[in-house]
Amino acid sequence: MTKYILQRLLATVITLFVILTIGFIVIRLMPGSIFEGYDEMTPEMMAQLNAKYNFDKPVIVQYFIYMRNILVHWDWGISLKMNPNVPVWTIVRQKIPVTLYVNLYSLMISLPLGMIAGIAMALKKNSGIDYGISFLVVIFISVPSFVFATGMQYFLAYKFGWFPIIYDVNAVGSAKLHSLVLPILALAFSPIARVARYLRAELAETINSEYMLLARTKGLTYTQATLRHGIRNSLVPLMNIIIPMFTTIMGGSLVVERIFAIPGMGGLMINAINTSDHQVTLATLMFYSFISIITILLVDLSYGIVDPRIRIGGKKAE
Amino acid sequence: MKIFDKKDYENLDTSKLRLVQMEESIHDAKFETKPVGFFKDAMLRFRKNKSSVVASILIAIIIVFAIFGPMMNDHGFNDQDLNRVNAPPKINALANMGVDLFDGGMSMVNRRVANLADTEQYPEGSILDVYNRRFINGIEMCDLEVDYYLYNHVDDVYWFGTDYLGRDLWTRLWRGARVSLVIALVSVVVNVVIGVTYGSIAGYYGGKIDMVMMRITEVINAFPNIVVMTLFIMIFGTGIMSIILALVVRDWIGTARLIRAQFYRFKENEYVLAARTLGVPDRTLIFRHILPNSIGPIITRTALAVPGAIFSESFLAYIGLGLKPPEPSIGILLSEGQKVLLYYPTQVLFPAILISVLCISFNMFGNGLRDAFDPTQRGA
Amino acid sequence: MKKVLAILLVSLMVISLFAGCGKKEVDITPSAPPAETAKPAETTQPAATTPAAPSEPAKPAEPEKPKPEGEGTLRFAVNADISTLNGHMYSMSRDGDAADMVDIYLYRSYIGPDYKFQRLPEFAADFPQQMDDTRTVWQIPLRQGLTWENGDPLNADTVMYSYKMLIDPKLLNTRASYFNSNTITIKNGAEYTKGECEWEDVGLKKIDDYTVELTTVGPVTADEIVTHLSFNCAMAMVHEPTYEAAMNADRTQTMYGTSKDTFMSAGSYILKEWIPGASVTYEKNPNWVFADKIWAHEVTERVVTDNSTTLQMFLNGEIDYVSLGAEEYLQYKEDPRLIESNATSMYHITVNMKNPDNPILDNLNFRKALYHGIDRVAVANIGSAIPAWYIQPLMVIGDLSTGESFRELQQKKHPEYTPENWAYDPALAKECFDKALEETGISKVSVELLYSSDNSKYKACSEFLQKSLAEIFGADRFTLEIQGMPNSQMTATKKSWKDNPSVYDLGWGGWSTSKIAPWNGYNVWRSSYAQKNEPYFQPELDELWVKANQTEERFDKEKQLEMAFEMEQIMLRDLPIIPVMENPNRYLKSDRVILPTPDNSYVVNVGFGWKYARVAD
């Protein structure tokens, strides 16, 4: 087990490295010089600036300078357009907290709600509740999160006034949560639906197994049998989607953050791409990749915990 | 009750006895019914499931409309006329019955009441309703509902209304449905094929092969959707093929991981070991023995992937990288309608209803298929 | 049970559809206005303040009573955050707005006595004084007694330090050239930045604590110096101790202006709080030179990128004005809260004339065909814009002394330049197209038009053009493809024609120019301009530009204006770009805010004057 974890960690580092390299090359290839909006800049000035920031060197050399800065000084470069002269790490560090806040809360409420919905659907299979929740599930999965966000903002915040229209930056504690309820909810609908539907499908299958029948004959009620025995077996494919869902929520929050004027990571990525501020784009890319890979690692590790039958990374049995 | 005794058998009345089979030979009776193969069995189960039947009918109806819809009226899909932009839907028959949705009514806010009597601005009979009168800065304002067709002197009737360039939405919607369905089906099929193969190989062999393959997927997954799609479109231009590619390039990863997880679950089963002992080659093991266990999740995933592909295509259209105009698709209509959602909600309503119906139908269809093809229910 | 439920649901939905059956009687008679506000909408605004005398607000007929001076908060929503408060390297126009609030300049534009714009010495005490006959040496006297937010004095050292840092060869500020060579050229400025000379050689000297002296290359007028020194926020003053404290070890970079702690205010407002990416708060600066022009106590700005969110906030009363997009404008057209300003940019189609893959673009008749084939009125209508057959937008002022716009003057002096029907003539267009085909020997034309997907209006306009041009020229001979992409990508694509000549055919573009110097704006079409969007090289235009902007001939205002007319005619003759429309800006303003101009008009180079606004109860 430890050997496997070490192997995976090494693989993670290598993957991040590869992503950084590919990202660097790709972003350098995208059209758009960083000094575009400056109409009055003379060509000499541009040449001097390019020399100052090493843009005139070949891509490989720039790459090595960049890697060395990160590994030795933890220097991700400075932003040149979005917040000139501000270190990229400072910018990113400012924006992470609120994004994580919204995303974690979203995940936290979507998991229990999703599981409850899924179990309810499986227990009362083919009944009115099942169809009703199924219908809602389909809607929530297909409709993108920003549609809900816009709708809720218009009706609940603007028309009824139950929540503030946008995120209140100066609030703390419960006032802060109050102004973030709508974005958290908007992001949670899709995960709830996904979890519910997967759990229902898996549970429905395992309910037909023989050990469930045995449990029933031994005297457990339908509910007890499902909850105590059925769920663990259904959790494996569920793990497959629960933790990557975190990545999906992070991605979905791009538009939701824009709608609710939340100064988080989502807007940062889009702004960076639009203003051709390469250092910031790369740094945000690495942030997202890092989260994505860690979640995948957690998922794979969790297989072993949840389902003892699976030997992780097991080779073809001889 | 009479109890028979040995003595009774000595004097039996043989006339009551009858010889049974002297000439005939005894065979097994022929089956009255034909043998039912796997697919037929599945179809039978499918038909019994009411919701999947309804779903298939709905899908069939949509396909029929997609093919014949644009021909049902004389408006072309790119007939522009700036005098009839953003017209609300109007179906005369329903309007006369008083159905609000199709009466061609358009609501206008913040109009001065003083102007309402002016027939130059508001032709005869065009004002349907006046409400929310109020005073702002001493001038009386109100909100009102006018019959768009009378207000703008438009003679033709548009069943689903028109868009921002005056093009008929009915025609555009069904033409768009064609394109969207094709794109969705092709991308989903490609997704599934690539995803299943990739996931099976990774899941079956495990070890180093699995490690490398999964790392590759992580690298691809790490780039956010918008970056990957932008790059793709920049390199390959836009056109149906490149949109399909852009949709496919990341979606198959989910399927692959799912299949890989399923493989981990099932490959340790005894029958696999047994088959291997018998010398069954790897390929047959993967595709014939282990994979069918996962048919359920594959089908479910595929079924929901079709509307998902349409939404992704809508996302592409939203950031301007979709099909080249003026060609419509459901995604393009959705993104165009979403921009005016608060003012002309019907422009997003009809594509949204179509997608929802497709969504639910494919979902139920998928459910039905999965139940039908479930080998554990054979003969049920 | 399920069936019953389903049937119930369906019948409910059907019934709701039928709600509202039958024709209603509609009442359109106007009702009597309520008693209290029985006044017409003409608000009698108090006169805008001049620098000398603040006037009293609140005439008796006014429905709103403004708060007394020094009270009230203006609340705005902006659609982007400030990138930096360091004017030396600002990257977005938003930074200019923020700098306008908190920085102090030598000269600046204000709302003048008749609500036209007027330039006044702010930190300077008077206009530049000519020192000798060569008109290259000028002295600028500075006001005494002005201070920074923390009490440090403002004097000649401030001026010297600010500009020295701006053009510093090691800092390499991106905006350095605005000082070195813009409206006027400072002696040895560019050379100092390149590292070729010493600071002492540069044409900026301190004479005494409250006088500085400028030396220019070539003779200039006082007006030109004032324009140069008030051009943008790169010209603002910076606070030496803070700037130095934020400098890095080898002096190649400073963090001045990246946060509240690394900045010092001295302007009309003081920066009170800056939460990056979220909000900015300003407080009135009582020590400002013209402090009596400012009425509000505090201004808050919240960063909201999404337009519909901003509109909701406005309608909810949370902010004081909101900008309207095309659809929103249609909804609020008759709303009394609507205010409009002319466009600040001209929207046109750029033609990549030297595209080797599509030689038809080089043919003048083809471009003329496009010019005459665009139905500008229809296209403009799509987005509620104003059709434009010309190059200089409506807002540009042609004569500073009378305030007449360039277009008004053109109508007066050269009415023959104005075409009929906004230059839309389909018959002529077809003729030109036929001629173009003949001349080039091409039988079928296919061109691609790039548009920005950030704004839905341009997609609609492009689609309209796709259809209408094909109808005029014949769909068998002409195809217009259209391609959308994000705005930044489109600008980048267009500018890369130098490396990749066939990168685009046609592309939409906007052009903002100087509002007070129409002869200067053609700069972007000169052959020597560094960031050209299209391969257009016309020596005639280059010569005229140099004459109108840099030689002695420019001191004759009549002649200068004539040259501006000529340059426009050259462009309309060569058609490197095809003008289409202007996009006016529309806003809804809440009743609680009273603007300094009586009819809420937009003053050139100043704006609506939000920061001078009063807050009513």
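Modeller: Gladly, and one term comes before the rest: helices (H or I, at least four residues) and strands (E, at least two) are DSSP runs, numbered from the N terminus. Please also keep in mind that this is a predicted model.

Biologist: Which residue of chain C has a positive phi without being a glycine?

Modeller: Ser384(C) is one of that kind, with a phi near 55°, and its place is the loop between α11 (376-382) and β14 (386-387) of chain C. Ser384(C) has a relative accessible area of 11%, so it is buried.

Biologist: Switching topic, what domains does chain A have?

Modeller: The domain assignment of chain A lists domain 1 (2-76) and domain 2 (89-306). The contact between them takes 19 residues from domain 1 of chain A and 18 residues from domain 2 of chain A. Taken over C-alpha atoms, the centres of these two domains of chain A are 33 Å apart.

Biologist: How much area is buried between those two, and which atoms give it?

Modeller: About 1,800 Å² is buried between domain 1 and domain 2 of chain A, and carbon and sulfur atoms give 76% of that area. On the side of domain 1 of chain A that touches domain 2, the largest share, 13 residues, comes from helix α1 (residues 2-29) of chain A.

Biologist: How many salt bridges cross that interface?

Modeller: The rule finds zero salt bridges between domain 1 and domain 2 of chain A, and it likewise finds zero residue pairs in polar contact there, where both residues must be at pLDDT 80 or more.

Biologist: Back to chain C, then: is strand β9 of chain C largely enclosed or open, and why?

Modeller: Strand β9 (residues 279-284) of chain C is largely enclosed by the rest of the structure, because five of its six residues are buried.

Biologist: Which strands pair with β9(C)?

Modeller: Strand β8 (residues 269-275) of chain C runs antiparallel to β9(C) and is joined to it by six bridges, with Trp274(C) standing opposite Val280(C). Strand β10 (residues 298-303) of chain C also pairs with β9(C) in the antiparallel sense, over five bridges, and here Tyr282(C) has Val299(C) as its bridge partner.

Biologist: What about the turn of the hairpin of β8(C) and β9(C)?

Modeller: Three residues lie between the two strands of that hairpin, and Gly277(C) takes a positive phi near 80°.

Biologist: Last one: is Lys532(C) buried or exposed?

Modeller: Lys532(C), in the loop between β19 (506-512) and α16 (539-550) of chain C, has a relative accessible area of 2%, so it is buried.

Biologist: Which backbone oxygens does its side chain reach?

Modeller: The side chain of Lys532(C) reaches the backbone oxygen of Trp525(C) at 3.3 Å, and one of its polar atoms lies 2.9 Å from the backbone oxygen of Tyr536(C). Leaving aside neighbours within four places in sequence, the contacts of Lys532(C) include Trp497(C), Val524(C) and Phe537(C).

Terms used. Residues are numbered from 1 along each chain as its sequence is written. Chains are lettered from A and ligands numbered from 1 in the order in which they are written. This is a predicted model: local features need pLDDT of at least 70, side-chain atom pairs count only at pLDDT 80 or more; totals for chains, interfaces and linings use all residues. Side-chain values use heavy atoms; hydrogens and water are left out. Buried means under 20% relative accessible area, exposed over 50%, partly exposed in between (1.4 Å probe, protein chains only). Two strands pair if DSSP finds at least two bridges between them. Domain bounds come from an automatic or database domain assignment. Contact means heavy atoms within 4.5 Å. Buried area is the accessible area (1.4 Å probe) that two parts lose on being put together, summed over both. A salt bridge is a side-chain nitrogen of Lys or Arg within 4 Å of a carboxyl oxygen of Asp or Glu. A polar contact is a pair of N or O atoms within 3.5 Å; within protein, one must be able to donate a hydrogen and the other to accept it, and residues adjacent in sequence count only if both atoms are side-chain atoms.
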